[in-house]
Amino acid sequence: MVLTDNYLTRWYRLLAATLLVTAALTSTPLLAERTHELKFATLAPAGTTWVKLLQDWADDVEKQSNGRLVFKIYPGGVQGDEPEVLKKIRFGQLQGGAFTGYGIGQIYSPTRVLELPFLFNNIEEIDYVRKLFMPEIEQGYRDHGYELLGWMEVGFVYFFSTAPIKTLADLHKRRIWNWQGDPLGEAFFNASGLSPVPLSIIDVYTSLSTGLIDTVYAPPLGAIAMQWFTKTHYITNVPMANGIGSLVVSRRFFQNLPQDLQKILKRTGAAIGEQLVTATRKDNVDSLEILTAKGMELITADEDLQTPALQQIRIRAGESLMNNGYIPAATINKINQWLQDFRSNQAAETRHAPD
Amino acid sequence: MEHGLLPASLYYPTRLTALIGILMLLTACSMGQMVVRSSQTILDSGVESMNRETDLQLARDAMPANLKLVEGMLIEDPNNNELRLFAAEGFYGYSYGFIEIEDPLRAKLLYRRCYSHAQRALKQAGIDIDPESATHEAVETAVSKAGKKAVPALFWTANCLGKWIDLSRDDLSLVASLSNVAILMQRVIDLDDEFYFGSAHIFFGAYYGGRSPLLGGDFSRSEAEFQRAAEINDNKLLIVNLLQAEFLDRQRLDQQAFHNRLVAIIEAPENLYPEMALVNGIAKQRAALLLDYEDEWF
């Protein structure tokens, strides 16, 4: 019977199709790639803008990779300080982290040329130089076992003190903290002829309370986060340096990822880095306002704490870092040249701008 | 004898005195205020009964009506310090026990309201300062004058502001006020360290335990503070252990301690501390919830 035959044919086809779909579905786990887990540490506390953005990044990567690349974020320094996190990355216990200049110095120290004291006058200079320098930074990280995913900033660093600092002579009278083991800090203090008190960052708050030190340096956001502002009364309105930061993963982890996941990680990492830079710059501006509202006094420095006296300190600090091999001379010269080009172009544009 | 328009009976000295007394009372205190003040013993008993509650759902359902009753009474008697502190304690407990996990945004607003009540009580206690916005020097000066009577207002102001900040970590202005909370709590410890089950010690346990040493954390100090709070409560208040797991064990990345402490809370006898059954019930509930985060946090 034709009707029956057609009916049976359709029934068999339906059965065959169902079996195929079932087979495809049940075989998916066998064919699927394994899930890659990225354990990522940061000092930023949970709930802060930074960690919220990192979590957004993690969610975005998981979504774009269809769950093949998932993050496990450890906020608030639970995995230890930056040297400890780097050690854990080397041992494969962690795969990545967010680092400040202190940790970056142990990854690829020439990057810290961007933190030379009194190098930049404004954000435009920072962005211009960083863009030109970025390919070299990326290669440097790669050569030392890390992949740079995104760039961050800690922001302009200021002196916070218990007495006003208007001049270099004032600075000489202070008991200034120096982050123990930080070559850049040491170079700055040597170049300034200052004798700081080297201490671990862990001891800063207590040492401010006991009077062992009376002056620290930090970005405004950091001064709030670490509550150092409660032990100091003055902020000297001269940005000492611009603190840098990076989002990195180990090269070994990165290379083991399929190419499409590498691309997702690089693309999203760069984007989240930009967002972090924007958020940090805003937070630092807001923090400065909050600190003055909380009773801190913003001190305008006298002439000798302005250029060119500060330029001399920068040059001497740079020379010292060149001599000990922390930053090659070629890198410093290149940065200076780019900066000079930018400033000349800016000056020319200003001259030619219509009134 | 001519007595004017008033009935003669009112001119008897005793009745006259009574009338003057009543009039004076009415001038200083409205009828509503009298009713409110005469009801306060009932509120005391209500708080005691709530603390003994073992049915968390019943407590959750009952609290909003009680809180609105207290706020209604405060409209009648706005300067009533005890009522202000009832309100602060109630909003804190309701938010912490039942709202914070499922709706942190709403919890933040409830803590803000809790702070508003407590801070008014602080002002009534003679410490006219707003720790949310004041400089820490101003807070230190104001608080140094506080005596033992101000302890409840100091504690609830600090506790409510502390939780408000905890849920607002992206609000830098509030984060900058955290040191003010510590100043108030330290004063509570100086004046009466056992106040409210040694909660100022619990605060410092979380304060020093929940941060990396790089950011001002101090694990030894945190441990000592939790230990002192446990001593004050004869190890019967489970919230102490809960916060030690949530803040100190997590920050130390000590998964074993975290796990064991939370399991011990869940397995603690139901009648461990009948006077504080509600808080212990909430601690058990949160312990089970925190265990779900174990894989994510470690």
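1. B:R113 is placed in helix α5 of chain B, which covers residues 104-124; helices (H or I, at least four residues) and strands (E, at least two) are DSSP runs, numbered from the N terminus. With a relative accessibility of 34%, B:R113 counts as partly exposed, where buried means under 20% relative accessible area, exposed over 50%, and partly exposed in between (1.4 Å probe, protein chains only). Apart from its neighbours within four places in sequence, B:R113 is in contact with B:K68, B:E71 and B:F91, contact meaning heavy atoms within 4.5 Å. The C-alpha atoms of B:R113 and B:Q255 are separated by 35 Å, and these residues are 142 residues apart along the chain.

2. On the basis of the note: this is a predicted model, in which local features need pLDDT of at least 70 and side-chain atom pairs count only at pLDDT 80 or more, while totals for chains, interfaces and linings use all residues. Residues are numbered from 1 along each chain as its sequence is written, chains are lettered from A and ligands numbered from 1 in the order in which they are written, and side-chain values use heavy atoms, with hydrogens and water left out.

3. B:Y196 has a positive phi of about 50° although it is not a glycine. B:F197, also found in helix α10 of chain B, has a positive phi near 60° and is likewise not a glycine. Most residues other than glycine have a negative phi. B:Y196 is partly exposed at 24% relative accessibility, and B:F197 is partly exposed with a relative accessible area of 21%.

4. Which strands pair with β8(A) in the antiparallel sense? Strand β3 (residues 96-100) of chain A does so over five bridges, and strand β4 (residues 146-161) of chain A does so over 13 bridges; two strands pair if DSSP finds at least two bridges between them. A:G97 stands opposite A:V248 in β8(A), and A:V157 stands opposite A:A241 in β8(A). Strand β9 (residues 297-299) of chain A pairs with β8(A) in the parallel sense over three bridges, and A:E297 in β9(A) is the bridge partner of A:Y234.

5. The two chains meet through 28 residues from chain B and 31 residues from chain A. In chain B, B:L172, B:L214 and B:L215 lose the most area to chain A, together 28% of what that side buries. Chain B and chain A bury about 2,400 Å² between them, with 59% of it on carbon and sulfur atoms; buried area is the accessible area (1.4 Å probe) that two parts lose on being put together, summed over both.

6. Across the interface of chain B and chain A there are 12 residue pairs in polar contact, both residues being at pLDDT 80 or more. A polar contact is a pair of N or O atoms within 3.5 Å; within protein, one must be able to donate a hydrogen and the other to accept it, and residues adjacent in sequence count only if both atoms are side-chain atoms. On the side of chain B that touches chain A, the residues divide into 11 nonpolar, nine polar and eight charged. Here Ala, Val, Leu, Ile, Met, Phe, Trp, Tyr, Cys and Pro count as nonpolar, Asp, Glu, Lys and Arg as charged, and the others, Gly among them, as polar.

7. How many salt bridges are counted between chain B and chain A? The count is one, where a salt bridge is a side-chain nitrogen of Lys or Arg within 4 Å of a carboxyl oxygen of Asp or Glu. B:D170 forms it with A:K52, the closest N and O atoms being 2.6 Å apart. A:K52 is partly exposed at 42% relative accessibility, and B:D170 is partly exposed with a relative accessible area of 34%.

8. Over all chains of the structure, 34 salt bridges are found. One of them joins the side chains of A:R112 and A:E115 (2.7 Å, N to O); A:R112 is buried with a relative accessible area of 4%, and A:E115 is buried at 8% relative accessibility.

9. In chain B, the side chains of B:E194 and B:R228 meet in a salt bridge (3.6 Å, N to O). B:E194 lies in the loop between α9 and α10 of chain B and B:R228 in helix α11 (residues 219-232), so the pair ties together parts that are 34 residues apart in sequence.
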